[in-house]
Amino acid sequence: MTLASLPTPGEAARHELLQSVVDVARAIFGAAASSVFLLDEEADELVFQAVSGEGEEFLVGRRFPAGRGIAGWVATSGEPMVVDDLVSDPSFDRSLAESTAYVPQALMAAPLISDSRVLGVLEVLDPSPQARSGVRELDLLAMFARQAAAALRVAAPVPVAAGSTGRMLDGARREDALQLLGSLERLLRGTG
């Protein structure tokens, strides 16, 4: 590994945070896999940023058009979604799933939203039947995704527009964001 290929501290913090998010989401929902996609607005693509379970060895960094599949719908609509039977769901892009070498039977997905902006999507693949049985579980996933998005914005600010350097929080908003990050960390560690 060359010095140029080493991740920056911001990239390393973002990767660690996102990996924790997918690991915990997979455990909470008793799922076969979980993944986080971040939206690359310039390329209009969703990019696998962290994966837990099926596909974790080779999916990170993979891209697909932002409008495809259920993740694309969630990113576009900004609404969470649960599908108990992907075989019969017309919004499921089977060819895209087959290209990842894992075709789930069911999934839950929620947008990562911060400051009214969709940053990406958190998906839980093949969650246990009890975990996807109602609105309460989908609300839990959506809440978890919102907290993860807020922590992500603190850990590694995302540019507001192409060519922008992003904006850092200051004063009371920064303190609030740091408290949120601490709460999420305690939740992830199971001590909160």
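I call a residue buried under 20% relative accessible area, exposed over 50% and partly exposed in between (1.4 Å probe, protein chains only).

I'm working on a predicted model, where local features need pLDDT of at least 70, side-chain atom pairs count only at pLDDT 80 or more, and totals for chains, interfaces and linings use all residues. Numbering runs from 1 along each chain as its sequence is written, and side-chain values use heavy atoms, with hydrogens and water left out.

I looked up D23 and found it partly exposed, with a relative accessible area of 34%. D23 sits in helix α1 (residues 9–28); helices are DSSP runs of H or I, at least four residues, and strands are runs of E, at least two, numbered from the N terminus. With E54, E56 and E57, D23 forms a negative surface patch. Patch residues have over 30% relative accessible area and no salt bridge, with like charges joined within 9 Å and nonpolar side chains within 5 Å. A salt bridge here is a Lys or Arg side-chain nitrogen within 4 Å of an Asp or Glu carboxyl oxygen.

**Nonpolar patch.** Helix α1 also holds I28, which is partly exposed at 39% relative accessibility. I28, L140 and M143 make a nonpolar surface patch of about 240 Å².

**Rings.** I then checked aromatic pairs (Phe, Tyr or Trp six-membered ring centres within 6.5 Å; stacked under 30 degrees, edge-to-face over 60, the rest tilted). I get 3 of them. F37 and F48 make a tilted pair, 4.5 Å centre to centre with 55 degrees between the planes. F37 is in strand β1 (residues 33–40) and F48 in strand β2 (residues 45–53), so their pair ties together parts 11 residues apart in sequence. Both F37 and F48 are buried. Ring pairs link F37, F48 and F64 into a cluster.

Definitions and conventions:
Accessible areas come from the Shrake-Rupley method with a 1.4 Å probe; for residues, only the protein chains shown count as cover. Lys and Arg count as positive and Asp and Glu as negative; His and the chain ends are not counted. The place of a charge is taken as NZ of Lys, CZ of Arg, CG of Asp or CD of Glu.
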